[in-house]
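Student: I have a structure open and would like to go through it with you. Can we start with the overall make-up and then go into the details?

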Amino acid sequence: MNRLSVLKSPLQAILGVGMVLLASSAWAGELSPAQLAQLKQRLTQNLPDFPPIDSAQTTPMSGLIELRSGNNIIYTDPKGEFIIQGNLVETKTQRNLTEERMDEINQIDFASLPLKDAVVWKNGNGKRRMVVFADPNCGYCKRLEKDLQQVKDVTVYTFVVAILGDDSKVKANNIWCMKDRTQAYRDWMLANTEPPKAFGMCATPTQRNNALAQKLRVNGTPSMFFEDGTRLPSAAPVNVIEQRLTKATAKVGGAS
């Protein structure tokens, strides 16, 4: 999978990846600008490669601070002496608070996506909708495309991006310029049948798709988005995709 790491080496080597359990609930709020500046200073003094911090807030767990860096979450103590990368789970309700915050941070407006720039196919009645960002040379994207064939009653909009080099751009453009671009895309992703070279002028959305991916902080492929605005930033099993589709459909009232 093509995935940009949250934390740069050598910082990765000293991070503990785990799960923090707690029993209380309400979030207290964001740190003041002065507190945030002080925390940033303490962290970068010891860890010069620490990623940029966009915001920081307290958590229900006493003494644990949430740091947001891009579309990622890291935890630290008020003095910036320790860091934790993992999930914060409320024991009373068994809610994964980290996952909930990630959904909140990464929320998008599904209705605003330029679906005209996507390759489209559907199974069944197609009432459930999802978006995929995929590079034609991404092996995990091909695996996801095969897995998605098992999902019923779904319409899949794929923004074909070119992030793995010039050949990805060539394939993306050739696929788009085919008379039946959906068939050309699926032939390549499912059967490894390379799209023929396109002849003549054809305006493609590849550059726009790349810009959209950057705007939405899509740091790797495949990435998926659902109608409720939530995302899965990597490949996932079919049962997980089904759960997300069901949840999104319930939230938006079954809109199509």
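Student: How many helices and strands are there in the protein?

Tutor: The protein has 7 helices and 12 strands. Keep in mind that this is a predicted model.

Student: What share of the residues counts as buried?

Tutor: Of the 256 residues, 47% are buried. As for contacts between residues at least 6 apart in sequence, 70% join residues at least 24 apart.

Student: Now the sheet. In what order do the strands of the open sheet come?

Tutor: The order is β8-β10-β9-β11-β12, which makes 5 strands with mixed pairing. β8 and β12 (231-232) are the edge strands, each pairing on one side only.

Student: In which sense do β9 and β11 pair, parallel or antiparallel?

Tutor: Antiparallel, over 4 bridges. Val132 stands opposite Met224 of β11.

Student: Which strands does α3 lie across?

Tutor: α3 lies across β8, β9, β10 and β11, and runs at about 160 degrees to β9. α5 also packs on the sheet, where it touches β8, β9 and β10. The direction of α5 makes about 80 degrees with that of β8.

Student: And how do α3 and α5 pack, at what angle?

Tutor: Helix α3 (residues 139-148) and helix α5 (residues 181-191) pack at about 105 degrees, with their axes 8 Å apart. The two helices are therefore roughly perpendicular to each other, as angles of 65 to 115 degrees count as such.

Student: Which residues make that contact?

Tutor: From α3 they are Cys141, Lys142, Glu145 and Lys146, and from α5 Tyr185, Arg186, Trp188, Met189 and Leu190. By class, that contact has 5 nonpolar and 4 charged residues, and no polar ones.

Student: What about α4 and α5, how far apart are their axes?

Tutor: The axes of α4 and α5 are 7 Å apart, and the angle is about 140 degrees. That makes α4 oblique to α5. Lys171, Ile175 and Trp176 of α4 meet Arg181, Ala184, Tyr185 and Trp188 of α5. The contact of α4 with α5 has 5 nonpolar and 2 charged residues, again with no polar ones.

Student: Which residues of α5 are buried?

Tutor: Thr182, Ala184, Tyr185, Arg186, Trp188 and Met189. Their cover includes β8, β9, α3, β10 and α4. Just after α5, Asn192 has a positive phi of about 60 degrees.

Student: What does Met224 touch?

Tutor: Leaving out residues up to four places away in sequence, Met224 touches a list of residues including Met130, Val131, Val132, Leu144, Leu232, Ala235 and Ile241.

Student: One more. Is Ser168 buried or exposed?

Tutor: Buried: the relative accessible area of Ser168 is 0%. Ser168 lies in helix α4. Not counting residues up to four places away in sequence, Ser168 touches Asp135, Pro136, Asn137, Ala162 and Ile163.

Conventions:
Residues are numbered from 1 along each chain as its sequence is written. This is a predicted model: local features need pLDDT of at least 70, side-chain atom pairs count only at pLDDT 80 or more; totals for chains, interfaces and linings use all residues. Side-chain values use heavy atoms; hydrogens and water are left out. Axes are lines fitted to C-alpha atoms, for helices over the stretch in contact, and angles run from 0 to 180 degrees between N-to-C directions. Angles under 35 degrees count as roughly parallel, over 145 as roughly antiparallel, 65 to 115 as roughly perpendicular and the rest as oblique. Contact means heavy atoms within 4.5 Å. Ala, Val, Leu, Ile, Met, Phe, Trp, Tyr, Cys and Pro count as nonpolar, Asp, Glu, Lys and Arg as charged, and the others, Gly among them, as polar. Two strands pair if DSSP finds at least two bridges between them. Buried means under 20% relative accessible area, exposed over 50%, partly exposed in between (1.4 Å probe, protein chains only).
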